[in-house]
Amino acid sequence: MMTPALPMRITVQERQSPLWLKLQEHYAQRLRSLDQQNRGHLDPIQTQYVRGRIAEVEALLNLSQDLPGMQQP
């Protein structure tokens with residue numbers, strides 16, 4: 001039986017890197033755009049697609065969040 005992998009997280013130092021800050025702003029803008037699309041008039045299939053994209057962008061942005069009980073070095 002395989003042991004489940006721990007969720008990927010980025011370190012405090014990585015959070016302060018210019019690349020992460022640039023990616024974070026890009027994905028925050030993308031999330032705002034997707035949220036706006038989701039509020040529009042979409043058929044059920046399009047709504048599911050947009051909501052899936054929203055979930056993926058949120059997961060990317062959440063990489064910089066500490067997990068409960070997570071210790072930083």
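Good morning. Let me begin with a definition: two residues are in contact when heavy atoms of theirs lie within 4.5 Å. With that in hand, we can read the first figure for this predicted model. Among contacts in the protein chain between residues at least 6 apart in sequence, 60% join residues that are at least 24 apart.

Let us now consider the overall layout. The protein chain contains 3 helices and 0 strands, and its pattern along the sequence reads α-α-α. It has 73 residues, and 16% of them count as buried. Its accessible surface comes to about 6,100 Å², with 58% of that belonging to carbon and sulfur atoms.

A word on confidence is in order before the details. The average pLDDT of the protein chain is 88, and 89% of the residues score at least 70. Among the elements, α2 has the highest mean pLDDT, at 97, while α1 has the lowest, at 91.

Which residues of α2 are buried? They are Trp20, Ala28, Leu31 and Leu34. These residues cover an arc of only 130 degrees around the axis, and therefore they sit on the same side of α2. The cover over the buried residues of α2 includes α1 and α3. On the face turned away from that buried side, α2 carries the exposed residues Pro18, Leu19, Lys22 and Gln36.

Leucine 21 has its place in helix α2. With a relative accessible area of 45%, leucine 21 is partly exposed, because that class lies between the 20% and 50% limits. Setting aside residues up to four places away in sequence, leucine 21 touches Arg15 and Gln16.

There is also a charged pair to point out. How many salt bridges are counted here? The count comes to 1. The partners are glutamate 25 and arginine 32, whose side chains meet at 3.4 Å, N to O. Glutamate 25 is partly exposed, with a relative accessible area of 47%. Arginine 32 is likewise partly exposed, and its relative accessible area is 44%.

Next comes helix α3, at residues 44-61. It has 18 residues and reaches 26 Å from first C-alpha to last, close to the 26 Å expected at 1.5 Å a residue. The buried residues of α3 are Thr47, Val50, Ile54, Val57 and Leu61. Seen down the axis of α3, these residues fall within an arc of 90 degrees, so they line one face of the helix. What covers them includes α2. The face turned away from the buried side of α3 carries the exposed residues Pro44, Ile45, Gln48, Tyr49 and Glu56.

Let us look at one member of that buried set. Threonine 47 lies in helix α3. Why does threonine 47 count as buried? Its relative accessible area is 15%, and buried means under 20%. Apart from neighbours within four places in sequence, threonine 47 is in contact with Asn38 and Leu42.

Isoleucine 10 is found in the segment before α1, the helix at residues 12-15. Serine 64, for its part, is placed in the segment after α3. Isoleucine 10 has a relative accessibility of 9% and so counts as buried. Serine 64 also counts as buried, at 9% relative accessibility.

What does isoleucine 10 touch, not counting residues up to four places away in sequence? Its contacts are Arg15, Trp20, Leu63 and Ser64. Isoleucine 10 and tryptophan 20 are 10 residues apart along the chain, and their C-alpha atoms are separated by 9.4 Å. Serine 64, leaving aside its neighbours within four places in sequence, is in contact with Ile10, Arg15, Trp20 and Gln24.

Thank you for your attention.

Key. Residues are numbered from 1 along each chain as its sequence is written. This is a predicted model: local features need pLDDT of at least 70, side-chain atom pairs count only at pLDDT 80 or more; totals for chains, interfaces and linings use all residues. Side-chain values use heavy atoms; hydrogens and water are left out. Helices (H or I, at least four residues) and strands (E, at least two) are DSSP runs, numbered from the N terminus. Buried means under 20% relative accessible area, exposed over 50%, partly exposed in between (1.4 Å probe, protein chains only). Accessible areas come from the Shrake-Rupley method with a 1.4 Å probe; for residues, only the protein chains shown count as cover. The arc is that of the directions from the helix axis to the C-beta atoms. A salt bridge is a side-chain nitrogen of Lys or Arg within 4 Å of a carboxyl oxygen of Asp or Glu. pLDDT is the predictor's confidence in each residue, from 0 to 100. The expected span of a helix is 1.5 Å times one less than its number of residues.
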